[in-house]
Amino acid sequence: MESLPMPTITEVYNNIPCREGLTPDWGFSCLVEEAGLLFDTGERGDILLANMQALGIDPAAIRHLVLSHDHHDHIGGLKAVLARNPAIEVIVHDAFSAKTLSLVREYTDPRIVGEWAEIADGIAVTGPLGTAIPEQSLAITVSGGYLVVTGCAHPHISRIIEKVSEVGPVWGVIGGLHTVTGEDVEALAGVAHLSASHCTDRIGELAERYPASFRPGGVGQVHRI
């Protein structure tokens, strides 16, 4: 798979404030601009659409929507996006509920994955990892390896890094890391770009441990890789 040239990732939904004129709210969503790919949809559709409008993002121009896991703070804006763009390709994994899949099917047929899969030029999904809360992450090919984008990292970021590393080196990590263990902290040691936000419980510790690679995350933050 070829790398995506200089990907730009804009956080359009996050409970951590970063930029004036946007509404912070519990949840996560980001746009991989060059691929026209939205990852997760946050908690509330009205907030998601308002933040998109403030950022100059047209929902009708988005080509792909990847959902990480079936929690409302990541799929809450799904109906709002589908109503604005019913032709969008929706990529979910095989642990999503019948209720969520039924909502998607009111507009389009979802693409359901069960393992690592390429979904766009330079971009793959890990497929569902973990058992208690199955979750998939994005793996974007960049010049230094893979940039991993997570929703909550419920399977633990160390496990996600391990999975992606089977395919290639992990260059960076962006998104929510939820409950961070000692193993998770150590797994982030080789990451060149680290931006933990949303539900991460030890953000301050990660920033202090990895000052050279840590970048703040929040609604409106733009990562130019």
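Strand E5 and strand E6 (residues 111-113) run parallel and are joined over 3 bridges; strands here are DSSP E runs of at least two residues, helices are H or I runs of at least four, and both are numbered from the N terminus. Pairing takes at least two DSSP bridges between two strands. This is a predicted model, with pLDDT of at least 70 needed for local features and 80 or more for side-chain atom pairs, while totals for chains, interfaces and linings use all residues. Numbering starts from 1 along each chain as its sequence is written, and side-chain values use heavy atoms, leaving out hydrogens and water.

To get from E5 to E6 the chain goes through H4, a right-handed β-α-β crossover (clockwise from the first strand over the helix to the second, with the strands pointing away from the viewer). Strand E4 (residues 64-66) also pairs with E5, again parallel and over 3 bridges, and there Val66 sits opposite Ile91. E5 (residues 89-93) is mostly covered, with 4 of its 5 residues buried (under 20% relative accessible area, 1.4 Å probe, protein chains only).

H4 turns up again at the largest pocket, giving the most to its lining with 3 residues. The largest pocket holds about 200 Å³ of space. Helices H2 (72-75), H3 (78-84) and H4 (98-105) are the elements that each give two or more lining residues. Among the lining residues are Asp70, His72, Lys79, Lys99 and Leu103. A pocket is an open set of points on a 1 Å grid where a 1.4 Å probe fits, with protein on both sides within 12 Å along at least five of seven lines, and lining residues have an atom within 4 Å of a point.

How values were computed. Points joined across faces, edges and corners; volume = space filled by probe spheres on them. Buried < 20%, exposed > 50% of the residue type's maximum accessible area, 1.4 Å probe, protein only.
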